[in-house]
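Work through the following exercises with the sequence and the structure side by side.

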Amino acid sequence: MIACDRFTMGKLPRNTTRRQGEAAAAAPPRDPARIARLAELLAATWPDATCELDHRNAFELLVATILAAQSTDKLVNTVTPALFARWPDATALAAVDQAELEPMVHATGFFRMKAKHVLAMARALVERHGGEVPARMEDLVALPGVARKTANVVLGTCFGIADGVVVDTHVTRLSQRLGLTVHTDPVKIEQDLMAQLPRDQWISFANRLIWHGRRTCFARAPACDRCPLAPLCPAAQVPGHDAAAAPATPARAARAAKPAKPPKPAKPAKPAKTPKPAKPAKPAKPTVKPAGGAKKRGKS
Ligand code: SF4
């Protein structure tokens, strides 16, 4: 089993966001000098940035990364110690009943789906790879519940293999704000980053973007006033920042790429309503009862 030296998590707070919908997009301007400067600033700011999911080996990181979908590393780290103490490897986990695993991962959300994926993944590891985590992208993404992001996390963190760039919610948001992509689809964002970064920075750049997103470039209120990337950031919200002179943000690039909408044709005027014909008047009820049926009132 491959051992990883990363076990403890960072001490600073983090933040997560939901993904946005795919927007119409144009390719971002390629500026190797700017992205190199961004990488330098990130490296100076977060020199020790690494994966913050607690794990001791590739199997544990694979499970933890599956559980981290739509959740936070911090929360997953509260769940996994008990899980790995009980089922320490793929062989042990593969024999577990889903109903037994579900309560253990309940706190991470989507617990039924995650329990199902983790068990199927463990069984596939046993059946296809002798219980070991494979160190190839094509083998990893063939496992149930494992997509490129998870595979990149495991390959980069546990094997030191840069097959791609980890694109999570933070990398998505920061790549857009920094003008490195105009896409929201993780696969397209990964392609943009791979095209602009030297391969030996694929792992570290993503880790540093994730740390920056958790500690400075928050989803709702980015702390631009204390961000070292602000002079290079098209989305910086600081006094005196010349947004017009900065590289296009994804939103601006997408707007510029979209042809102007033709004006909507005026709606034809509705024909005037014809007045409803008046209802025929009801015949008046007789107010005087026939004399023969009338009762007399009072004492006789
Ligand atoms: S300047 Fe603001 S928006 Fe740009 S990376 Fe820094 S915190 Fe994020």
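Predicted model: local features only at pLDDT ≥ 70, side-chain atom pairs only at ≥ 80, totals over all residues.

**Exercise 1: Helix H9 and what follows**

Task: Determine how many of the nine residues of helix H9 are buried, and name them.

Solution: Begin with the extent of the helix, which covers residues 169-177. Next, apply the cut-off, by which a residue is buried if 20 or more other C-beta atoms lie within 10 Å of its own. Eight of the nine residues in H9 are buried, and the helix is accordingly described as mostly covered. The buried residues are His170, Val171, Thr172, Arg173, Leu174, Ser175, Gln176 and Arg177.

**Exercise 2: The packing of H1 and H11**

Task: Describe how helix H1 and helix H11 pack, giving the angle, the handedness and the residues that meet.

Solution: Start with the geometry: H1 (residues 32-45) and H11 (residues 202-215) pack at an angle of about 65°, and their axes are 10 Å apart. Because angles of 65 to 115 degrees count as roughly perpendicular, H1 is roughly perpendicular to H11. The crossing of the two helices is left-handed. Finally, turn to the residues: Ala39, Leu42, Ala43 and Thr45 from H1 meet Phe205, Arg208, Leu209 and His212 from H11. Sorted by class, this contact has five nonpolar, two polar and one charged residues.

**Exercise 3: The shell around the ligand**

Task: State how many residues surround the ligand, which are the closest, and how the shell divides by class.

Solution: The ligand is surrounded by 13 residues, of which Cys217, Pro222, Cys224, Cys227 and Cys233 are the closest. By class, the shell has eleven nonpolar residues, one polar and one charged.

Notes:
Residues numbered from 1 in each chain as written. Axes fitted to C-alpha atoms, helices over the stretch in contact; angles between N-to-C directions. Helix = DSSP H or I, 4+ residues; strand = E, 2+ residues; numbered from the N terminus. Parallel < 35°, antiparallel > 145°, perpendicular 65-115°, else oblique. Left-handed = near helix turned anticlockwise from the far one by under 90°. Contact = placed C-beta atoms within 7 Å. Nonpolar A, V, L, I, M, F, W, Y, C, P; charged D, E, K, R; others polar. Near = placed C-beta within 6 Å. Buried ≥ 20, exposed ≤ 12 C-beta atoms within 10 Å, placed from the backbone.
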